[in-house]
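Please walk through this fold with the model open beside you.

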Amino acid sequence: MKYQPNMIYGTAWKKEATADLVELAVFCGFRAIDTACQPRHYREELVGQGIQNALVKNNLNREDIYIQTKFTPQGGQDPSTIPYNPNDDIAEQIKTSFEVSKKNLQTSYIDSYILHSPITPYPELSKAWEVMESFVDAGEVGQIGISNCYDLSLLARIYHDAEIKPKVLQNRFYNQTDYDNELRAFCKSLDIGYQSFWSLSANPHILASPVVQTLAKKYQKTNEQIFYRFLTQIDITPLNGTTSKKHMLEDLDIFSFVLLQEELDSISVYINL
């Protein structure tokens, strides 16, 4: 796919229900799916199965679905299920993981390939990035990025050093990191897409705020719909991990209305803008 999605279905912690939920998400209208080659928290092979089932049942082509997966370094893996040889150097680990992902997802092309977390020391991260760049050069990956990176200086260094620049930053969206305000400004200035996870679960105080409740009544939407719409209007692509068909349909309906600038400003107060 050649576009940046405005909402992505997240598949972490779905376990045996993963395939059915991915199929349901596509049926409801999701056209972007996020996963990882990390058996500890994801069933990537069931994501692939769910996508294939959805393509057939909804008369879609592979090109209709944006698939995003990740290389997860050893620190994020369960030692008993690492999908590559941990004794290999970082370059071989990533190459092996990438091949596993393509097999799991039943595709020869990954739209977005992400480093699940920064790698230390920096020369190892640099080597990892070069391998990911090679996937883009080979036409097997559309874009590359990084997740769980909350250090602006590190992201800036990656951007400066990279031949192929990061196009995605995927982070937890919460108060402890000041909602990544500086990072998001950096991303916006360089056309790096910012993706948020834990957008709802980390922010119950915003969902329950008088401002959001008032807007929900005005637009006849749920509090969650108001907050998701707010995020998309300030250039954030939220991951959505709901297991409810009702919520899937509601959350994809957020593009049926537009919040006014003063309404965006009233919510922005809660994220320190």
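Contact here means heavy atoms within 4.5 Å. Helices (H or I, at least four residues) and strands (E, at least two) are DSSP runs, numbered from the N terminus. This is a predicted model, so local features need pLDDT of at least 70, side-chain atom pairs count only at pLDDT 80 or more, and totals for chains, interfaces and linings use all residues. Residues are numbered from 1 along each chain as its sequence is written, and side-chain values use heavy atoms, with hydrogens and water left out.

Start at helix α11, residues 261-268. Which of its residues are buried? They are E263, L264, I267 and S268. Buried means under 20% relative accessible area, exposed means over 50%, and partly exposed lies in between (1.4 Å probe, protein chains only). The four cover an arc of only 145° around the axis, which puts them on the same side of α11. That arc is taken from the directions from the helix axis to the C-beta atoms. The cover over the buried residues of α11 includes α7 (204-207), α8 (210-219) and α9 (223-233).

Now turn to the nonpolar interior. In soluble globular proteins, nonpolar side chains tend to be buried together. A nonpolar core is a set of buried Ala, Val, Leu, Ile, Met, Phe, Trp, Tyr and Cys residues joined through side-chain atoms within 4.5 Å. The largest one here has 72 residues. Within this core, I94, Y113, L169, I226, F230 and L259 touch the most other members. Helix α4 supplies the largest share, eight residues. Leaving aside neighbours within four places in sequence, I94 contacts F71, Y113, A128, V131, M132 and F135. Another core, of seven residues, lies apart from the largest one. Its members include A32, Y66, I114 and F197.

Next comes strand β8, residues 236-240. Five of its five residues are buried, so β8 is largely enclosed by the rest of the structure. Both faces are covered: I236, P238 and N240 are buried on one side, T237 and L239 on the other. Which strands pair with β8? Two strands pair if DSSP finds at least two bridges between them. Strand β1 (residues 8-10) pairs with β8 in the parallel sense, over two bridges. There, Y9 stands opposite N240. Strand β7 (residues 193-197) also runs parallel to β8, joined by three bridges. Q195 has T237 of β8 as its bridge partner.

The rings come next. The structure holds 10 aromatic pairs. Rings of Phe, Tyr and Trp (its six-membered ring) pair if their centres lie within 6.5 Å; planes under 30 degrees apart count as stacked, over 60 as edge-to-face and the rest as tilted. Why is the pair of F98 and Y113 edge-to-face? The ring centres are 5.1 Å apart and the planes stand at 75°, so the pair falls in that class. F98 sits in helix α3 (residues 90-105) and Y113 in strand β4 (residues 110-115), so the pair links distant parts of the chain, 15 residues apart. F98 is buried at a relative accessible area of 1%. Y113 is buried too, at 0% relative accessibility. The rings of Y113 and F135 have centres 5.8 Å apart and planes at 75°, so this pair is edge-to-face as well. It links Y113 in β4 to F135 in helix α4 (residues 122-137), 22 residues apart. F135 is buried, like Y113. F98, Y113 and F135 form one aromatic cluster.

Two arginines also meet rings. A charge sits over a ring if NZ of Lys or CZ of Arg is within 6 Å of the ring centre and within 35 degrees of the ring normal. The charged end of R157 sits over the ring of Y122, 3.6 Å from its centre. That of R184 sits over the ring of Y194, 6.0 Å from its centre.

Finish with the backbone. Most residues other than glycine have a negative phi, and most peptide bonds are trans. The bond from T120 to P121 is cis, with omega near -5°. P121 lies in the loop between β4 and α4. D180 has a positive phi, near 55°. D180 lies in the loop between β6 (168-172) and α6 (181-189). Q220 also has a positive phi, about 55°, and lies in the loop between α8 and α9. Are these two residues buried or exposed? D180 is buried, with a relative accessible area of 3%, whereas Q220 is exposed at 67%.
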